[in-house]
Amino acid sequence: MRWRSGRQSNNVEDYRGSNRNGGGPGGFRIGLIGTAAIVLIGWYMGANPLQLIGLVGGANTLLGGIGGSETTSTTPQGGALSDDGGKFVSVVLGTTEDVWNPLFQQMGKRYQEPKLALFEGEIDSACGFSTAASGPFYCPGDNKVYIDLSFFRELKALGASGEFAQAYVLGHEVGHHVQNLLGITDEVSRLQARMSQRDGNALSVALELQADCYAGVWAHHANQTSVQLDSNDIEDAVKAAASIGDDRLQGMSGKRVNPDSFTHGSSRQRMEWFQRGVQSGDMRQCDTFKNS
């Protein structure tokens, strides 16, 4: 993935304090995955790990002290990002803007660009207090994507490496922002309030798979306009999608694989929907609510 000559987004908020050399109202977070160790503990305890990790402060230290005990500043740093990690996510966010602005224009809509908040250790958002252990997430309450860059090392620990695997993570979270702008997130939330846990889980899976597909749509168009990708880059992203499938995580924990408890989709589903977006570049091919 060639990104260094790309445009940095103006929508990055750096809450990482003075260390820039390192790697409100209610709402619910939509995230990719948290720390691997906490995920496994969650499954052993019979809890939803994506809920558990949001409650465990400092849990990221279980993977060898990743993230440490830093405390995020309350106001973002000013000026251009100078560290490689910051520049990378800023350029990737810029490519999402370059892709989604014209796609929304084609639909006769205006794309409201999300903010991306970089933090270390912990942060407070419109969706509540979060730690690095929560993993990257999108908050509909303030239209922001949140990420502690130490997550990229956690992703590698799960078997997904490469820069485009990391870019896929951001593409997925921006995909949730697209869903929010289109009213899909609110509709899913409204329907889930009337459903059983099992049926609500199925809608959560469809929401996550659609974000995977939208990430693929972004990759398709970014490859034509903003970055240069090769087959290895796409393979890295596919591996990232596979590494965080619900069935794989349940299997890693030693528990019986139970599709009714899935909230993000199986490895196969996540790979297939991302690839569908990459191959088609067409949002209309991402109706996971009908085709999952």
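Trainee: Is Ala165 buried or exposed?

Mentor: Start with what we are looking at: a predicted model. In it, Ala165 is buried, because its relative accessible area is 0%. Buried means under 20%.

Trainee: Where does Ala165 lie?

Mentor: Ala165 is in helix α5, which covers residues 163-181.

Trainee: Which residues does Ala165 touch, leaving out those up to four places away in sequence?

Mentor: Ala165 touches Leu155, Asp236, Ala237 and Ala240. Sequence numbers and distances in space are separate things to read. Take Ala165 and Phe152. They are 13 residues apart in sequence. Their C-alpha atoms are 8.8 Å apart in space.

Trainee: Now salt bridges. What is the general idea?

Mentor: Side chains of opposite charge can pair when their charged atoms come close.

Trainee: How many salt bridges does a search of the whole structure find?

Mentor: The search finds 10 salt bridges. One of them joins Arg7 and Glu97. Their closest N and O atoms are 3.0 Å apart.

Trainee: Is Glu97 buried or exposed?

Mentor: Glu97 is buried, with a relative accessible area of 3%. Arg7 is partly exposed, at 39%. Arg7, Glu97 and Asp98 are linked in a network of salt bridges.

Trainee: What is the N to O distance between Asp14 and Arg16?

Mentor: That distance is 2.7 Å, and the two side chains meet in a salt bridge. Check the accessibility of each partner. Asp14 is buried at 1%. Arg16 also counts as buried, with 4% relative accessibility.

Trainee: Which residue forms a salt bridge with Asp84?

Mentor: Lys87 does, with the closest N and O atoms 3.9 Å apart. The cut-off for a salt bridge is within 4 Å, so this pair counts. Asp84 is partly exposed, with a relative accessible area of 42%. Lys87 is partly exposed too, at 25%.

Trainee: Why are Asp84 and Lys87 separated by about one helical turn?

Mentor: Because they are 3 residues apart in helix α3, which runs over residues 84-106.

Trainee: Next, helix packing. How are two packed helices described?

Mentor: By the angle between their axes and the distance between the axes.

Trainee: Which residues of α3 and α5 meet?

Mentor: From α3 come Phe88, Val89, Val92, Leu93, Thr96, Trp100 and Phe104. They meet Glu163, Gln166, Ala167, Leu170, Val174, Val178 and Leu181 in α5. By class, this contact has 11 nonpolar, 2 polar and 1 charged residues.

Trainee: At what angle do α7 and α10 pack?

Mentor: At about 35°, with their axes 6 Å apart. Helix α7 covers residues 197-225. The crossing of α7 and α10 is right-handed. On the α7 side, the contact includes Val205, Leu209, Cys213 and Ala219. On the α10 side, Trp273, Phe274 and Val278 are among the residues. The residues of this contact divide into 9 nonpolar, 6 polar and 3 charged.

Trainee: Where is Trp273 found, and is Trp273 buried or exposed?

Mentor: Trp273 is in helix α10, residues 267-280. Trp273 is buried, with a relative accessible area of 4%. Compare sequence with space again. Trp273 and Gln210 are 63 residues apart in sequence. Yet their C-alpha atoms are 7.2 Å apart in space.

Trainee: Which residues is Thr288 in contact with, leaving aside neighbours within four places in sequence?

Mentor: Thr288 is in contact with Ala206, Leu209, Gln210 and Trp273. Thr288 lies in helix α11, residues 288-291. At 1% relative accessibility, Thr288 counts as buried.

Trainee: Where is Asn143 found?

Mentor: Asn143 is in the loop between β6 (137-139) and β7 (144-147). Asn143 is buried, with a relative accessible area of 16%.

Definitions and conventions. Residues numbered from 1 in each chain as written. Predicted model: local features only at pLDDT ≥ 70, side-chain atom pairs only at ≥ 80, totals over all residues. Heavy atoms only, no water. Buried < 20%, exposed > 50% of the residue type's maximum accessible area, 1.4 Å probe, protein only. Helix = DSSP H or I, 4+ residues; strand = E, 2+ residues; numbered from the N terminus. Contact = heavy atoms within 4.5 Å. Nonpolar A, V, L, I, M, F, W, Y, C, P; charged D, E, K, R; others polar. Axes fitted to C-alpha atoms, helices over the stretch in contact; angles between N-to-C directions. Left-handed = near helix turned anticlockwise from the far one by under 90°.
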